[in-house]
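Have the viewer open as you read.

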Amino acid sequence: MPFIGRDIHTAARLLKEGRLVAIPTETVYGLGADASNLDALKQLYALKGRPGNHPVIVHIRSVDQLSSWASHIPPLAERLANHFWPGPITMIFRKQPHVLAQVTGGQDTVAVRIPRHELTLALLEEFEGGLAAPSANKFGRLSPTSATAVANEFGGQVSYILDGGSCDVGIESTIIDLSTDVPRILRPGMVSQEMLTAVAEDIVFSSSPTTVRAPGTLKSHYSPSTPVQLATKDQIVDLVSAMKQDSQEAAVLSFQSPNGGETHWIVAECDPEGYARSLYTNLRNLDSLNCDRIIVEKVPEDDSWSGIRDRLERASYRED
Ligand code: TXA
Ligand code: MG
């Protein structure tokens, strides 16, 4: 049996046996486990190196399955589901009593989404249950956006990697908490606040800090090993030459082309969709150069870049 492949029957069987299977989604690859199987969930936490009290997202096939996980589905959720699912948004609900504490992090809420990826939807159809699937990376690291990146992260420690090609969206889903009266954006993503408001114009989405535990909201999350620094276009030139004088090497992700002979330089896409799609691959590639620092040009301030800004700020965060 190949370790990486497109065989959903194998993937479904392994999941039913309580094994871990990496799955493609439109955002990033997930590390999938049967969300109703305690042993499988324990393996998942152990492999990710994730603290046990951090909740995971349950991936389902269709809206009909939502009531198996959520005890209360507000009308807003139906509107958002009709508009955005399958797609890159996750909604948080009050949970059904049977939902395991290993899924919810011991809270009384559960996060659910329907991913937009043909292969994973077919897998979910065959598997029938819900799949707990955090991003398929070790805790605190960049999320993988290709099967190869998952294989590099976990090697043979997952039973199977379902290869669905490279991810279309490239950064993790937008998370909205609908478990209280005030809908809140817990993690920005490529479904932006404006896009949400366009569907639910009467709703104010608050993105104020919350007491709900969400590791994606830890300041230093999604980091390469090389320190990351954000800089304006003009600062980049000065930083690179100052580093050179100190015999240090910079790796750069910028909207501009290098003006000298810099080789460790990636020219980023100018539109947010293209930028997000290649962001983690770009950061991984720059990280693999083992330079002293990765310098990333700051991205625009508009709403459509908010998910990207959030990931870049986290990648560049350093405890002082
Ligand atoms: O795009 C995505 O969301 C990807 C793909 C694989 O679906 N998944 C993903 O999972 O990013 P993960 O585990 O890396 O991030 C999920 C985030 C975490 O920050 C987690 O704390 C939060 O969702 N979360 C899950 N359940 C929650 C809950 N009940 N309350 C608050 N936050 C929750
Ligand atoms: Mg993650």
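## Ground rules

This is a predicted model, where local features need pLDDT of at least 70, side-chain atom pairs count only at pLDDT 80 or more, and totals for chains, interfaces and linings use all residues. Residues are numbered from 1 along each chain as its sequence is written, chains are lettered from A and ligands numbered from 1 in the order in which they are written, and side-chain values use heavy atoms, leaving out hydrogens and water.

## The whole chain

You'll find 10 helices and 14 strands here, taken as DSSP runs (H or I, at least four residues, for helices; E, at least two, for strands) and numbered from the N terminus. Of the 320 residues, 56% count as buried, meaning under 20% relative accessible area with a 1.4 Å probe, protein chains only.

## Helix α5

Spanning residues 118–127, α5 has L119, T120, L121, L123, L124 and F127 buried. Those buried residues pack against α1, β2, β3, β4, β7 and β8, with contact meaning heavy atoms within 4.5 Å.

## α9 meets α10

Helices α9 (residues 272–287) and α10 (residues 306–316) pack at about 30°, with axes 10 Å apart. The two are therefore roughly parallel, a label for angles under 35 degrees. On the α9 side, P272, Y275, A276, L279 and Y280 make the contact, and on the α10 side I308, R311 and L312 do.

Methods. Axes fitted to C-alpha atoms, helices over the stretch in contact; angles between N-to-C directions. Parallel < 35°, antiparallel > 145°, perpendicular 65-115°, else oblique. Buried < 20%, exposed > 50% of the residue type's maximum accessible area, 1.4 Å probe, protein only.
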